[in-house]
Amino acid sequence: MDVGIFGAGLIGLSLAGLFDRAGHTVHIASRHLEALTATLADRGLRHTRAAPVDEVTDAASLLVGAVQWNQLAALAAELPPLDGKIWIDPTNPFARDAYGNVTVVDTDNRPTSAIVAELVPKAQLVKAFNNSTTPMYRSGPLTSLGRIVAPMAGDHPAALCRVADLVKTTGFVPVVIGNIDDSVVLEPGGALRQLSIPLIAP
(Lines give C-alpha, C1' and ligand atoms only; values in the text may rest on other atoms or scores of the structure.)
Protein backbone atom coordinates (compact mmCIF):
# COMPACT_ATOMS: atom_id res chain seq x y z
CA MET A 1 0.00 0.00 0.00
CA ASP A 2 0.96 3.64 -0.44
CA VAL A 3 0.47 5.57 2.80
CA GLY A 4 0.73 9.34 3.12
CA ILE A 5 1.57 10.93 6.47
CA PHE A 6 1.20 14.59 7.39
CA GLY A 7 3.39 15.39 10.37
CA ALA A 8 6.97 14.35 11.11
CA GLY A 9 6.83 14.52 14.90
CA LEU A 10 6.79 11.59 17.31
CA ILE A 11 3.55 10.08 16.02
CA GLY A 12 4.24 10.68 12.33
CA LEU A 13 7.75 9.21 12.38
CA SER A 14 6.70 6.30 14.60
CA LEU A 15 3.88 5.36 12.25
CA ALA A 16 6.19 5.81 9.25
CA GLY A 17 8.55 3.31 10.83
CA LEU A 18 5.71 0.90 11.57
CA PHE A 19 4.41 0.98 7.99
CA ASP A 20 7.91 0.98 6.46
CA ARG A 21 8.87 -2.19 8.36
CA ALA A 22 5.68 -3.80 7.06
CA GLY A 23 6.90 -3.15 3.51
CA HIS A 24 4.57 -0.30 2.57
CA THR A 25 5.63 2.74 0.57
CA VAL A 26 5.35 5.75 2.86
CA HIS A 27 5.21 9.39 1.74
CA ILE A 28 5.66 11.85 4.60
CA ALA A 29 5.07 15.57 4.17
CA SER A 30 7.48 18.24 5.29
CA ARG A 31 8.51 21.81 4.55
CA HIS A 32 12.07 20.81 5.46
CA LEU A 33 12.68 18.06 2.94
CA GLU A 34 16.46 17.80 3.30
CA ALA A 35 16.36 17.55 7.09
CA LEU A 36 13.55 14.99 7.05
CA THR A 37 15.28 12.95 4.35
CA ALA A 38 18.36 12.77 6.57
CA THR A 39 16.22 11.70 9.54
CA LEU A 40 14.58 8.94 7.52
CA ALA A 41 18.01 7.69 6.41
CA ASP A 42 19.29 7.73 10.00
CA ARG A 43 16.31 5.59 11.03
CA GLY A 44 16.87 3.15 8.21
CA LEU A 45 13.47 3.71 6.63
CA ARG A 46 14.09 2.34 3.15
CA HIS A 47 10.53 2.63 1.83
CA THR A 48 9.80 6.14 3.12
CA ARG A 49 10.37 9.41 1.30
CA ALA A 50 9.85 13.05 2.24
CA ALA A 51 7.71 15.11 -0.10
CA PRO A 52 5.63 18.31 -0.24
CA VAL A 53 2.02 18.20 0.97
CA ASP A 54 0.44 18.11 -2.48
CA GLU A 55 2.68 15.26 -3.65
CA VAL A 56 1.88 13.20 -0.56
CA THR A 57 -1.83 13.73 -1.14
CA ASP A 58 -1.58 12.63 -4.76
CA ALA A 59 0.62 9.62 -4.05
CA ALA A 60 -1.53 7.79 -1.50
CA SER A 61 -5.16 6.84 -0.98
CA LEU A 62 -4.56 6.25 2.75
CA LEU A 63 -3.66 9.53 4.48
CA VAL A 64 -2.67 9.95 8.13
CA GLY A 65 -3.20 13.29 9.87
CA ALA A 66 -0.39 13.06 12.42
CA VAL A 67 -0.04 16.75 13.24
CA GLN A 68 -0.86 18.30 16.60
CA TRP A 69 -4.49 19.06 17.35
CA ASN A 70 -4.12 22.81 16.98
CA GLN A 71 -2.45 22.38 13.57
CA LEU A 72 -5.22 20.33 11.96
CA ALA A 73 -7.31 23.21 10.65
CA ALA A 74 -4.31 24.84 8.96
CA LEU A 75 -3.31 21.53 7.40
CA ALA A 76 -6.82 20.87 6.11
CA ALA A 77 -6.94 24.33 4.52
CA GLU A 78 -3.72 23.56 2.64
CA LEU A 79 -4.82 20.23 1.21
CA PRO A 80 -6.07 19.65 -2.32
CA PRO A 81 -9.44 17.86 -2.76
CA LEU A 82 -9.60 14.51 -0.94
CA ASP A 83 -12.37 12.81 -2.88
CA GLY A 84 -11.93 9.04 -2.66
CA LYS A 85 -9.24 9.26 0.04
CA ILE A 86 -9.29 7.59 3.46
CA TRP A 87 -8.22 9.83 6.34
CA ILE A 88 -6.73 8.00 9.33
CA ASP A 89 -7.09 10.14 12.44
CA PRO A 90 -4.58 9.35 15.24
CA THR A 91 -4.91 12.72 16.96
CA ASN A 92 -5.80 13.39 20.57
CA PRO A 93 -7.12 16.79 21.68
CA PHE A 94 -3.92 17.93 23.38
CA ALA A 95 -2.59 21.48 23.33
CA ARG A 96 1.03 22.32 24.20
CA ASP A 97 2.00 25.82 25.29
CA ALA A 98 5.32 27.59 24.81
CA TYR A 99 6.62 26.09 28.05
CA GLY A 100 5.82 22.52 27.06
CA ASN A 101 2.79 22.19 29.31
CA VAL A 102 0.09 19.92 27.86
CA THR A 103 -3.63 20.37 28.42
CA VAL A 104 -6.70 18.58 27.08
CA VAL A 105 -8.75 20.76 24.75
CA ASP A 106 -12.46 21.12 25.52
CA THR A 107 -14.41 19.74 22.53
CA ASP A 108 -17.84 20.45 24.05
CA ASN A 109 -18.44 16.70 24.49
CA ARG A 110 -18.07 16.05 20.76
CA PRO A 111 -15.91 13.14 19.56
CA THR A 112 -12.66 14.60 18.31
CA SER A 113 -12.89 12.61 15.09
CA ALA A 114 -16.28 14.18 14.34
CA ILE A 115 -14.52 17.55 14.40
CA VAL A 116 -11.68 16.27 12.21
CA ALA A 117 -14.20 14.79 9.75
CA GLU A 118 -15.67 18.26 9.24
CA LEU A 119 -12.19 19.54 8.32
CA VAL A 120 -11.77 16.85 5.62
CA PRO A 121 -15.39 16.38 4.46
CA LYS A 122 -14.53 14.71 1.14
CA ALA A 123 -12.49 11.96 2.82
CA GLN A 124 -13.73 8.85 4.63
CA LEU A 125 -12.43 9.11 8.18
CA VAL A 126 -11.26 6.26 10.40
CA LYS A 127 -10.15 6.83 13.99
CA ALA A 128 -7.08 4.65 14.59
CA PHE A 129 -3.59 4.55 16.09
CA ASN A 130 -4.38 7.08 18.83
CA ASN A 131 -4.75 4.55 21.63
CA SER A 132 -1.16 3.32 21.77
CA THR A 133 2.14 4.93 22.68
CA THR A 134 4.92 5.66 20.23
CA PRO A 135 7.34 3.25 22.03
CA MET A 136 4.76 0.53 21.42
CA TYR A 137 4.88 1.18 17.69
CA ARG A 138 8.67 0.84 17.78
CA SER A 139 8.73 -2.30 19.97
CA GLY A 140 6.05 -4.08 17.98
CA PRO A 141 2.79 -5.89 18.67
CA LEU A 142 3.99 -9.08 20.36
CA THR A 143 3.68 -9.64 24.11
CA SER A 144 3.97 -12.77 26.24
CA LEU A 145 0.15 -12.97 26.26
CA GLY A 146 -0.49 -12.40 22.57
CA ARG A 147 -0.72 -9.56 20.08
CA ILE A 148 -1.71 -6.00 20.96
CA VAL A 149 -5.12 -4.92 19.70
CA ALA A 150 -5.41 -1.75 17.62
CA PRO A 151 -8.97 -0.45 18.11
CA MET A 152 -10.54 1.71 15.42
CA ALA A 153 -13.84 3.39 14.66
CA GLY A 154 -15.56 4.89 11.64
CA ASP A 155 -18.76 5.40 9.70
CA HIS A 156 -17.61 3.87 6.40
CA PRO A 157 -17.35 0.03 6.27
CA ALA A 158 -15.13 -0.05 3.19
CA ALA A 159 -12.69 2.44 4.74
CA LEU A 160 -12.62 0.42 7.97
CA CYS A 161 -11.75 -2.70 5.97
CA ARG A 162 -8.87 -0.93 4.21
CA VAL A 163 -7.42 0.38 7.45
CA ALA A 164 -7.90 -3.02 9.12
CA ASP A 165 -5.89 -4.58 6.28
CA LEU A 166 -3.15 -2.01 6.89
CA VAL A 167 -3.12 -2.77 10.62
CA LYS A 168 -2.87 -6.52 10.00
CA THR A 169 0.30 -6.07 7.96
CA THR A 170 1.99 -4.43 10.97
CA GLY A 171 1.23 -7.40 13.24
CA PHE A 172 -1.26 -5.57 15.43
CA VAL A 173 -4.81 -6.93 15.62
CA PRO A 174 -7.50 -4.58 14.25
CA VAL A 175 -10.79 -4.42 16.14
CA VAL A 176 -13.64 -2.14 15.11
CA ILE A 177 -15.29 -0.75 18.24
CA GLY A 178 -18.06 1.20 16.49
CA ASN A 179 -18.75 4.39 14.58
CA ILE A 180 -17.32 7.87 15.03
CA ASP A 181 -19.68 8.65 17.90
CA ASP A 182 -18.36 5.54 19.67
CA SER A 183 -14.76 6.67 19.22
CA VAL A 184 -14.96 8.70 22.44
CA VAL A 185 -13.90 5.54 24.30
CA LEU A 186 -10.51 5.82 22.56
CA GLU A 187 -9.92 9.40 23.64
CA PRO A 188 -8.21 10.70 26.79
CA GLY A 189 -10.56 9.87 29.65
CA GLY A 190 -12.37 7.26 27.55
CA ALA A 191 -13.03 3.73 28.79
CA LEU A 192 -10.31 2.04 26.72
CA ARG A 193 -7.73 4.62 27.79
CA GLN A 194 -8.36 3.73 31.44
CA LEU A 195 -7.10 0.16 31.08
CA SER A 196 -3.86 -0.64 32.92
CA ILE A 197 -2.53 -2.61 29.95
CA PRO A 198 -3.38 -2.59 26.23
CA LEU A 199 -6.02 -4.97 24.92
CA ILE A 200 -4.42 -8.28 23.99
CA ALA A 201 -5.64 -10.83 21.44
CA PRO A 202 -4.43 -14.32 22.48
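Two strands count as paired if DSSP finds at least two bridges between them. Helices (H or I, at least four residues) and strands (E, at least two) are DSSP runs, numbered from the N terminus. With that settled, strand E1 (residues 2-6) pairs with strand E4 (residues 62-65) in the parallel sense over four bridges.

A word on ground rules. This is a predicted model, where local features need pLDDT of at least 70 and side-chain atom pairs count only at pLDDT 80 or more, while totals for chains, interfaces and linings use all residues. Residues are numbered from 1 along each chain as its sequence is written, and side-chain values use heavy atoms, with hydrogens and water left out.

**Strands and crossovers**

Back to E1. Gly4 has Leu63 as its bridge partner in E4. E1 also pairs with strand E2 (residues 25-29), again in the parallel sense, over five bridges, and there Ile5 stands opposite Ile28. Four of the five residues of E1 are buried, so to speak mostly covered; buried here means under 20% relative accessible area, exposed means over 50%, and partly exposed is in between, with a 1.4 Å probe and protein chains only.

E1, helix H1 and E2 make a right-handed β-α-β unit. Right-handed means that, with the strands pointing away from the viewer, the path from the first strand over the helix to the second runs clockwise. Strand E9 (residues 147-154), helix H7 (residues 157-170) and strand E10 (residues 173-178) make another right-handed β-α-β unit. E9 and E10 run parallel and are joined by five bridges, with Ala153 partnered by Gly178 in E10.

**Helix H1 and what follows**

H1 (residues 10-21) has 12 residues and reaches 17 Å from its first C-alpha to its last, close to the 16 Å expected at 1.5 Å a residue; the expected span is 1.5 Å times one less than the number of residues. Nine of those 12 residues are buried, so H1 is largely enclosed by the rest of the structure. Among them are Leu13, Leu15, Leu18 and Phe19. Arg21, also in H1, is exposed, with a relative accessible area of 52%. Arg21 touches Tyr137 and Arg138, not counting residues up to four places away in sequence, where contact means heavy atoms within 4.5 Å. Just after H1, Gly23 takes a positive phi of about 95°.

**Aromatic pairs**

Rings of Phe, Tyr and Trp (its six-membered ring) pair if their centres lie within 6.5 Å; planes under 30 degrees apart count as stacked, over 60 as edge-to-face and the rest as tilted. By this rule the count comes to two aromatic pairs.

| Pair | Centre distance | Plane angle | Class |
|---|---|---|---|
| Phe6 and Trp87 | 5.7 Å | 15° | stacked |
| Phe19 and Phe129 | 5.6 Å | 75° | edge-to-face |

Phe6 and Trp87 are buried, and so are Phe19 and Phe129.

**Cores**

A nonpolar core is a set of buried Ala, Val, Leu, Ile, Met, Phe, Trp, Tyr and Cys residues joined through side-chain atoms within 4.5 Å. The largest has 33 residues, and those with the most contacts inside it are Ile5, Phe19, Phe129 and Val163. H7 gives the most to this core, with six residues. Apart from it lies another core, of 21 residues, among them Leu63, Leu79, Leu82 and Ala114.

Phe19 also touches residues beyond its ring partner, including Val3, Ile5, Val64 and Leu166.

Trp87 has 2% relative accessibility and so counts as buried. Its contacts, leaving out residues up to four places away in sequence, include Phe6, Leu63, Leu79, Leu82 and Val116. Lys122 is 35 residues from Trp87 in sequence and 9.5 Å away in space, C-alpha to C-alpha.

Thr57, in helix H3 (residues 53-59), counts as buried at 1% relative accessibility. With neighbours within four places set aside, Thr57 is in contact with Phe6, Leu63, Leu79, Pro80, Leu82 and Lys85.

In helix H5 (residues 112-119), Thr112, Ser113, Ala114 and Val116 are buried. What covers them includes helix H4 (72-78), E5 and E8.
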